[in-house]
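This report goes through the pockets, aromatic pairs and nonpolar core of one model. The structure is shown first.

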Amino acid sequence: MTAGPRRVGLTPGEIVRQAVLVLFGLLALFPLYFSLVNSFKDRVQYAENLLNIPSTLHPENYAVAWAQIQGPLLNSVIVTVTSVLATLVLASLSAYAFALMDFPGRHLLFGITFALLLVPEFLTLIPLYVQIRNLTLPSNYLAIILPTIAAGQPFAILVLRAAFEAIPKDMLEAARLDGAGHLQLLRRIVLPISLPILISVAIIRLIPVWNEYLLPSLVLDEAHRTLPVALVNFQGGGAATAVTPNYGALMASYVLSAVPLLVLFAFLMRYYIQGVTSGGVKG
């Protein structure tokens, strides 16, 4: 007769650690719960209690919210996807050159690129706005996509360069002996191996681009306004009436605006965690 595996109970320290983690998890989910339950309330229910689940649901709030944000939601998707993909493509080419090619001034150029990370973004806002106006870019997607691509380069290059340098040199040498050029090395070996890092960088860049408010509010016209700009306008006028603000519709717009990111993260979470824990992404 063989004894089964011995079950070890949780120690008091482990119980405290698990309880703290559960508490932090609940706190992180609280804004989502708050927005979700209040998105189904009318004005009276919202005024009576902010935290309870309403006895009578008001899904019409979502119709009101959708009418306000459907156009800006599409604009945000176009701006975010285009900006992030272009950032990854350009940063991959630069990172490959910095990591695996030898050319004069390589270390100096990388040092300058790294120094750009030390400049706070709010210091560049006014010069960036003046440049956009001087370039006479139309007040459409290009006015926000081009600056966003440029702003994302330093971080993406830094992370991808570290990931590309970690690829075994023997593998690259073997491919070179078989006649592979730089473009083939990048496309067939470097990028497939670095896929979790690429996805992690994409998600890290995607969130601030999706939530960017100040620059789009300055350079985009009404037809191309993005989701954060529309939400602020909705909060200030679209959700309000002469009687009282319609917080239910406002909360519904917040829930709808979070859905694309939640769906995307649900599909890419495995790659994101793999990329972050691999050590290539720090920050």
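How many nonpolar, polar and charged residues are in the lining of the largest pocket? By class there are 22 nonpolar, 7 polar and 3 charged residues in that lining. Here Ala, Val, Leu, Ile, Met, Phe, Trp, Tyr, Cys and Pro count as nonpolar, Asp, Glu, Lys and Arg as charged, and the others, Gly among them, as polar.

The model is a predicted one, in which local features need pLDDT of at least 70 and side-chain atom pairs count only at pLDDT 80 or more, while totals for chains, interfaces and linings use all residues. Residues are numbered from 1 along each chain as its sequence is written, and side-chain values use heavy atoms, with hydrogens and water left out.

**Pockets**

Rolling a probe the size of a water molecule over the atoms shows where empty space is left. A pocket is an open set of points on a 1 Å grid over the protein atoms alone, where a 1.4 Å probe fits, with protein on both sides within 12 Å along at least five of seven lines; its lining residues have an atom within 4 Å of a point. Grid points are joined across faces, edges and corners, and a volume is the space filled by probe spheres set on the points.

The largest pocket holds about 800 Å³ of space. Its lining has 32 residues, and those nearest its centre are Glu-121, Thr-124, Pro-147, Ala-151 and Gly-152. Two or more lining residues come from each of α3 (60-100), α5 (125-134), α6 (142-165), α9 (195-211) and α10 (214-219). Helices are DSSP runs (H or I, at least four residues) numbered from the N terminus. With 9 residues, α6 gives the most to this lining.

The second largest pocket has about 330 Å³ of space. It is lined by 15 residues, of which Asn-211, Tyr-254, Val-255, Ser-257 and Ala-258 are the closest to its centre. At least two lining residues are supplied by each of α1 (12-38), α9, α11 (227-238) and α12 (247-277). This lining divides into 12 nonpolar, 3 polar and no charged residues.

**Aromatic pairs**

A pair of aromatic rings is described by the distance of the centres and the angle of the planes. Rings of Phe, Tyr and Trp (its six-membered ring) pair if their centres lie within 6.5 Å; planes under 30 degrees apart count as stacked, over 60 as edge-to-face and the rest as tilted. The whole structure has 5 aromatic pairs, and the table gives two of them.

| Pair | Centre distance | Plane angle | Class |
|---|---|---|---|
| Phe-40 and Tyr-62 | 5.1 Å | 45 degrees | tilted |
| Phe-98 and Phe-110 | 5.5 Å | 65 degrees | edge-to-face |

Phe-40 lies in the loop between α1 and α2 (43-48) and Tyr-62 in helix α3, so their pair ties together parts that are 22 residues apart in sequence. Phe-40 is partly exposed at 22% relative accessibility, whereas Tyr-62 is buried at 16%.

Phe-98 in helix α3 and Phe-110 in helix α4 (residues 106-116) are 12 residues apart, and their pair links distant parts of the chain. Phe-98 is buried, with a relative accessible area of 9%, and Phe-110 is buried too, at 14%. Together with Phe-103, Phe-98 and Phe-110 form one aromatic cluster.

Phe-110 also has a charge over its ring: the charged end of Arg-161 sits 3.9 Å from the ring centre. Such a contact requires NZ of Lys or CZ of Arg within 6 Å of the ring centre and within 35 degrees of the ring normal.

**Nonpolar core**

A nonpolar core is a set of buried Ala, Val, Leu, Ile, Met, Phe, Trp, Tyr and Cys residues joined through side-chain atoms within 4.5 Å. The largest one has 28 residues, and Tyr-96, Leu-160, Phe-164, Leu-172, Val-190 and Val-201 have the most contacts inside it. Two or more of its residues come from each of α3, α6, α7 (169-177), α8 (182-193) and α9. The largest share, 8 residues, is from α3.

Terms used:
Buried < 20%, exposed > 50% of the residue type's maximum accessible area, 1.4 Å probe, protein only.
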